[in-house]
Amino acid sequence: MTTILCVRKNGTVAMAGDGQATLGESTIFKSTSVKVRRIGNGSIIAGFAGAAADGITLIERLEEKLEQNAYQLKRAAVSLAKDWRMDKYLRQLQAVMIVADKDISLVISGTGEVMEPDDGIIGIGSGGNYAMAAAKALAEVNDFSAEEIAKKALKIAGDIDVYTNHNVIIEKIESK
């Protein structure tokens, strides 16, 4: 389990993920896992929650789809989601992804969903709802940057969710 949060604000998108990897339901195996990374020649950020090998496999598949679709994120995401839902091997993968570029943020799931939030804030994983709620509140009442919101919201999620720690990796893209 993990928490991945994507926040889009004032021309910047920031994606944050904690570093906790668990073995089974009760053992912290590693506290410094990296589940947020740049792909697509550095122009896209991807993060995953779920089984690590499955998440990495999906990111690799998304990179293939990006190359096939001239780095158009939405088209590549829809193509991946369709394959993920239809392919016998991919259907077994236990992960969810958030992907973002300078223009769009999407959540992609194995049930064929490709969704874009209205407000530019997406949270997935065991602490995703906590982080997303905190980010929505912080975005409304403060003049924090996307990166500051993501960092503070992940800290709140880590204080609540036992599967989320405070080792946070943040990647950002600025469209300005």
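Guide: Start with a definition. A residue is buried under 20% relative accessible area, exposed over 50%, and partly exposed in between. Take Asp103. Its relative accessibility is 54%, so Asp103 counts as exposed. One caution before we go on: this is a predicted model.

Visitor: What does the side chain of Asp103 meet in a salt bridge?

Guide: The general idea comes before the case. Side chains of opposite charge can pair when their charged atoms come close. Here the side chain of Asp103 meets that of Lys102, at 3.2 Å from N to O. Lys102 has a relative accessible area of 47%, so Lys102 is partly exposed.

Visitor: How many salt bridges does the count come to?

Guide: The count is eight. The rule asks for a side-chain nitrogen of Lys or Arg within 4 Å of a carboxyl oxygen of Asp or Glu. Lys136 and Asp119 meet that rule, with their closest N and O atoms 2.4 Å apart.

Visitor: Which parts of the chain does the pair of Lys136 and Asp119 link?

Guide: This pair links distant parts of the chain, 17 residues apart. Lys136 sits in helix H3, residues 128-141. Asp119 sits in the loop between strand S9 (114-115) and strand S10 (121-125). Lys136 is partly exposed, with a relative accessible area of 31%. Asp119, at 36% relative accessibility, is partly exposed too.

Visitor: Which residue forms a salt bridge with Lys155?

Guide: That is Asp159, at 3.1 Å from N to O. Now look at the spacing. The two residues are four apart in helix H4, so about one helical turn separates Lys155 from Asp159. Lys155 has 45% relative accessibility and counts as partly exposed.

Visitor: Which residues are linked in a network of salt bridges?

Guide: Look at Glu147, Lys172 and Glu174. Salt bridges link these three residues in a network.

Visitor: Now to like charges. Which residues gather in a patch of negative charge on the surface?

Guide: For a patch, each member needs over 30% relative accessible area and no salt bridge. Asp and Glu count as negative. In this model the patch consists of Glu60, Glu63, Glu64 and Glu67. Take Glu67 as the example. Glu67 belongs to helix H1, residues 52-68. With a relative accessible area of 56%, Glu67 is exposed.

Visitor: Leu58 is also in helix H1. Is Leu58 buried or exposed?

Guide: Leu58 is buried, because its relative accessible area is 0%. Helix H1 therefore holds both the buried Leu58 and the exposed Glu67. From Leu58 to Pro117 is 59 residues in sequence and 21 Å in space, C-alpha to C-alpha.

Visitor: Which residues form a nonpolar patch on the surface?

Guide: Nonpolar side chains are joined into a patch within 5 Å. Tyr130, Ile156 and Ile160 form one here. Together they have about 260 Å² of accessible area. Ile156 lies in helix H4, residues 146-160. Its relative accessible area is 34%, so Ile156 is partly exposed. In space, Ile156 and Ser79 are 34 Å apart, C-alpha to C-alpha; in sequence, 77 residues separate them.

Visitor: Let us turn to the backbone. What is phi of Asn10 near?

Guide: The general idea is this. Most residues other than glycine have a negative phi, and most peptide bonds are trans. Asn10 has a positive value, near 50 degrees. Asn10 is in the loop between strand S1 (3-9) and strand S2 (12-18). At 56% relative accessible area, Asn10 is exposed.

Visitor: And where is Asn41 found?

Guide: Asn41 is in the loop between strand S5 (36-39) and strand S6 (44-50). Phi of Asn41 is positive as well, near 60 degrees. Asn41 counts as exposed, with 71% relative accessibility.

Visitor: Step back to the whole chain. What does its secondary structure come to?

Guide: Four helices and eleven strands. Of the 176 residues, 45% are buried. The C-alpha trace spans about 45 × 40 × 25 Å along its principal axes.

Visitor: What radius of gyration does the chain have?

Guide: It is 15 Å. A compact globule of 176 residues would have a value near 16 Å, so the chain agrees with that expectation.

Key
Residues are numbered from 1 along each chain as its sequence is written. This is a predicted model: local features need pLDDT of at least 70, side-chain atom pairs count only at pLDDT 80 or more; totals for chains, interfaces and linings use all residues. Side-chain values use heavy atoms; hydrogens and water are left out. Patches are made of residues with over 30% relative accessible area and no salt bridge: like charges are joined within 9 Å, nonpolar side chains (Val, Leu, Ile, Met, Phe, Trp, Tyr) within 5 Å. Accessible areas come from the Shrake-Rupley method with a 1.4 Å probe; for residues, only the protein chains shown count as cover. The place of a charge is taken as NZ of Lys, CZ of Arg, CG of Asp or CD of Glu. Buried means under 20% relative accessible area, exposed over 50%, partly exposed in between (1.4 Å probe, protein chains only). The radius of gyration is taken over C-alpha atoms; the globule rule is 2.2 Å times the number of residues to the power 0.38.
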